[in-house]
Structure formats: structure tokens, C-alpha cells
Amino acid sequence: MKKIVTLAGDGIGPEIMTAGLEVFDAVAQKINFDYEIEAKAFGGAGIDTSGHPLPDDTLAAAKTADAILLAAIGSPQYDKAPVRPEQGLLAIRKELNLFANIRPVRIFDALRHLSPLKAERIAGVDFVVVRELTGGIYFGQHTLTENSACDINEYSASEIRRIMRKAFAIARGRNKKVTSIDKQNVLATSKLWRQIAEEVAKEYSDVTLEHQLVDSAAMVMITNPACFDVVVTENLFGDILSDESSVLPGTLGVMPSASHSESGPSLYEPIHGSAPDIAGKGIANPISMILSVAMMLRDSFGETAGAEMIEHAVNKTLTQGILTRDLGGLANTKQMTAAIIANL
Ligand code: NAD
Ligand code: IPM
Ligand code: MN
């Protein structure tokens, strides 16, 4: 029996978590996957119940889980509050040492005509953003006074080396190309980043390494996104570039992710946030969460057939023209979820 800890969080979080768990349960029955769910307070929901976005019992449960599913956190009501839901997200990543955030970018055939990019630009797009998740400016000291502000960006060689190795290992199982993205014409952290990338590349002679500066990489992601196979970059650049990559399929609502440590439970979550603008309306696209469940089945449990079942059902549902509003359709969260389950 596998223990899955679920963190529904805020905004559309509970709506898409329900959808993800319904699909998960339907697949689990088909593949005879035995599991139990432990739902825990997190984010704004954690602040409301215990004053902290990552309550102690939530962290304790997460540490002993076989995998963690997280939907989304954040709400404008905490924008000026002393404690923010986002602190819980950063804390769980750090506490569980989830340094490797894998954000796949692929375009479902049925969504090709919905991409804001021309068909020839998105032809052949299939890449993975490997985002460093527990270092960099997110975790340096932040100082804010009335007249100045400071955020420290720090990376150790070992932090860079382990994320590089992860990226090269993933590339080895794909098209054997790593694009390392930095700002080495300005930043010391990026100079070290590039140096370690070169060193690690020597361990993977079958994989090609190229470097791109982040500003031009942001442009290439729109003009020639098919050139990427595995993109590896630091925490902040990865945050920004992965949201940019959601423009290729046309919406953040279809973007899943997996976060891994060296050992211990992995965490699976959409790359988007709590979408306060549509929360409570029942219209959020659940596909990001549902595909995160597929990543969990594959990465944490080796259940490839279950993962593929979900991915095929999602593609089939989209092909049938069942689309949520972010994709220009009229289906609501429940209708999309029911259709995906019917297509399993
Ligand atoms: P967001 O990702 O929540 O939303 C950006 C836009 O995308 C919105 O228009 C939203 O409606 C749309 N969108 C996102 N997911 C969607 C879905 N599944 N279906 C349909 N449309 C979807 O980003 P934001 O508005 O900048 O941030 C809102 C809050 O979420 C903030 O508090 C932020 O800190 C937080 N956040 C949390 C996470 C997380 O939990 N991992 C990630 C990003 C942002
Ligand atoms: C993400 C989010 C988070 C991040 C925020 C909410 C702290 O944008 O998961 O991409 O910046 O990592
Ligand atoms: Mn983000």
C-alpha cells in the first residue's frame, strides 16, 4: 500500500486536486494499484488552520509519504501579510531537498492549432526544462528596508553539479542534447554554472552540451523552440522560462512537473499557481494536475502503463474537442475530468 500525501492548497488547488484524484483512482483500479491518501493543510489553508503555510504535521506526513501531490497555493489576501503561502512551498522543497524540478514541454496534437505560434514554429517541439529548485536567489538572504533591498544569489559547485548530472542523465534517455542557460556575461553564479556544466559534460561524452545566455534563450524559446531537448538552468531563470514555455501549447493549464531529491519522496505539481482570477468558478483546466499524477505513476512507482493510459486519455479528450476555457472551449473542470476518465 503506497501512501500519497495530497496538498490541495488554495484558489483552484482544491478543484484540480479533486479532478486529479478522480483520474488517479480510476487508473489505480484498472492497474490494481493499492494506495491510501492523506490530505493535509498547506499554503493559505495551512496559515488559516495553524498559522503556518507548512504545518508541522503536514511536513511530517510528507516526509513519510511514498509520493506527494500538490495542486497550488497563493491568494491575494496574503499579499501584505507577514507570512505568505509561498513560504510553505519554498519550505517543503527545501525540507525534502527537492532540488531537481522537471517541467516537460510537449504539444498535444489536438492543441497544435490552438498555439499562438505558427504551426511550423511548434513542429517538433518536445523538450524538458530541468530547473534547479533549492538554491539561488530564492534561498539567499532577503533584506528589505525603507530605502534599500537586497537578495543574495548563491550557488555552491556541488549544487550545480547535481542538477547538471540530472539534466545529462535525462538527455541520455532522450535526444542527447543539453542546453545550459545562464547569464555568465554578468553573474558570478553563472560563471560557476557554466564551468561546472563543462566539467559534467565530460562524464557524458555521448551528450552534446551547448550554452545560451538567458535573454537570448527567452527569444529562441519562441522563434525556434524545437531546437531544445533538455534545458537546464538555475532556480529563477527556470521559473520564468518554464512559464514562457507554456505559451507553446497555449496555456499553463496543461503543464505538469515533478520534483526529485537524491532519495526520499518526490513531489508532483502543476507549474502554475492558484489562478485567483478563476478560483471557485469550476472552470480551471485540470490537465496540469492530471498529467502530474501521470508523472507520479511513472517516476515514483514505475507504473508506465498507468501513466501512458492517462496521457492517451488526455490526448483523446482534446482530440474530441473537449476544451476548457483557457483553451477556447466551454467545458468546465468536472466535464473535462469526466471525459478523460471515460477515455482511459
Ligand atoms: P497563475 O499561474 O496562478 O495564473 C496565471 C494565469 O494562468 C491566470 O490567468 C490563470 O487563470 C491562468 N491559469 C493558471 N492555471 C490555470 C488552469 N489550470 N486552468 C486555467 N487557467 C489557468 O499565476 P499568478 O496569477 O501570477 O499567481 C497567483 C498565485 O499563485 C500567487 O499567489 C502566486 O504566488 C501563486 N503561485 C503558486 C504556484 C504554486 O503553487 N506552485 C505557482 C505559481 C504561482
Ligand atoms: C512555481 C511558483 C513558485 C516559484 C512561487 C509560488 C514561489 O512560481 O512553482 O513556479 O517561484 O517557484
Ligand atoms: Mn512559477
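How much space lies in the second largest pocket? I worked from a predicted model throughout, and in it about 390 Å³ of space lies in the second largest pocket.

Entry 1, lining of the second largest pocket. I looked up the lining and found 23 residues, of which I73, E86, L89, R93 and D239 are the closest to the pocket centre. Two elements, β3 (67-72) and α4, each give two or more residues to this lining. I noted that α4 supplies the largest share, namely four residues. Sorted by class, the lining holds ten nonpolar, five polar and eight charged residues.

I next asked which pocket ligand 2 sits in. Ligand 2 sits in the second largest pocket. I listed the residues around ligand 2 as E86, L89, R93, R103, R131, Y138, D239 and I271. Helix α4, residues 85-95, contributes three residues to this shell, the largest share. By class I recorded three nonpolar and five charged residues in the shell, with no polar residue.

I then looked up distances from oxygen atoms of ligand 2 to N or O atoms in side chains. For Y138 the distance is 2.5 Å from an oxygen atom of the ligand to a side-chain N or O atom. For R93 I noted 2.7 Å between a ligand oxygen and an N or O atom of the side chain. For R131 the corresponding distance is 2.8 Å. I also looked up the cover: on its own, ligand 2 has 320 Å² of accessible area, and the protein covers 78% of that.

I turned to the largest pocket, in which about 470 Å³ of space lies. Its lining consists of 21 residues, and P104, R106, M295, R298 and E311 lie nearest its centre. The elements that each give two or more residues to this lining are the strands β4 (100-106) and β5 (126-132) and the helices α6 (157-172), α10 (287-301) and α11 (304-319). By class I recorded nine nonpolar, three polar and nine charged residues.

Methods. Residues numbered from 1 in each chain as written. Chains lettered and ligands numbered in written order. Predicted model: local features only at pLDDT ≥ 70, side-chain atom pairs only at ≥ 80, totals over all residues. Heavy atoms only, no water. Near = heavy atom within 4 Å. Polar contact = N/O pair within 3.5 Å; in protein donor to acceptor, adjacent residues only side chain to side chain. Areas by Shrake-Rupley, 256 points an atom, 1.4 Å probe, with all protein chains shown as cover. 1 Å grid on protein atoms, 1.4 Å probe; cavity = no way out; pocket = protein on both sides within 12 Å on 5 of 7 lines; lining within 4 Å. Sits in = over half its atoms within 2 Å of the grid points. Nonpolar A, V, L, I, M, F, W, Y, C, P; charged D, E, K, R; others polar. Points joined across faces, edges and corners; volume = space filled by probe spheres on them.
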